[in-house]
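Let's walk through this protein together with a few quick questions. Have the picture open as you read.

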Amino acid sequence: SPEEYTYFAEKAYPIDETRRKYFENICKGKEPYIGYKILCQLSKRGLVRSVFTTNFDGLVERAAHQCNITPIPVSLATADYIHRASSNTELLCVALHGDFKYGPLKNTSAELDTQQDAFVTALQKHLYDKHLIVFGYSGRDKSLMDALKKAYSEAGGGMVFWCGYGHEANSNVQEFLEYIHSKGRSGYYVPTEGFDSTMIHIAKTCY
């Protein structure tokens with residue numbers, strides 16, 4: 001069910017602070033796997049400038065530190081950081097659903113229904129001329145998909161490459177790609193065998 005995650009998050013932990021601590025404890029002591037490490041190596045070589053994540057496990061930032069890259073955390077509370085000049089020694093890490101280390105954590109249906117206007121505007125400006133590669137995301141979050149639609153609702157050179165698991169895009173992704181095509185933007189569905197496998201192929205192809 002599309003509501004499974006938000007339903008049980010609210011039922012099990014109705015108090016915001018308790019819910020935040022629950023997810024914080026799950027993330028403790030976890031190590032980034034090879035896909036994250038390759039991602040940061042690609043950043044070090046200038047192929048990746050920023051990472052947008054719906055996760056709040058901090059694994060991208062941890063992998064960045066391990067690769068001697070400084071992660072620059074961008075959350076709903078620090079949307080203006082997204083305009084920071086890019087550098088091979090830094091990696092923008094944008095927390096789309098908030099982050100329990102830097103601001104409100106968003107994981108219930110009410111919280112996920114809205115994205116801050118300032119953040120959506122910053123996202124729109126950022127993606128005007130930058131390509132976006134999507135991995136491991138189903139597109140089920142209405143607020144985030146609405147924010148992405150707004151980001152691609154006007155003319156721009158940035159393209160979308162939606163990397164899904166398997167050969168068929170789900171209805172959410174298909175609808176999104178059709179929408180941005182109607183606005184004159186370019187978007188493509190790319191079938192993959194998963195994040196880690198694809199990152200290995202990218203590294204072998206590029207280097």
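Before we start, two strands pair if DSSP finds at least two bridges between them, and strands (E, at least two residues) and helices (H or I, at least four) are DSSP runs numbered from the N terminus. This is a predicted model, where local features need pLDDT of at least 70, side-chain atom pairs count only at pLDDT 80 or more, and totals for chains, interfaces and linings use all residues. Residues are numbered from 1 along each chain as its sequence is written, and side-chain values use heavy atoms, leaving out hydrogens and water.

Q: Which residue in E3 stands opposite Thr 53?
A: Strand E3 covers residues 90-95, and E1 pairs with E3 in the parallel sense over 4 bridges. Opposite Thr 53 you'll find Ala 95.

Q: What is the order of the strands in the open sheet of 3 strands?
A: The pairing here is parallel. Strand E1 (50-53) and strand E2 (70-74) are the edge strands, as each pairs on one side only.

Q: How far apart are the end C-alpha atoms of helix H2?
A: H2 (residues 16-27) has 12 residues. The expected span is 1.5 Å times one less than the number of residues, so H2 should span 16 Å. The distance in the model agrees: 17 Å.

Q: Within what arc do the buried residues of H2 fall?
A: Buried means under 20% relative accessible area, with a 1.4 Å probe and protein chains only; in H2 that's Arg 19, Phe 23, Glu 24 and Cys 27. They line one face of the helix, because seen down the axis of H2 they fall within an arc of 135°.

Notes: Buried < 20%, exposed > 50% of the residue type's maximum accessible area, 1.4 Å probe, protein only. Arc of directions from axis to C-beta.
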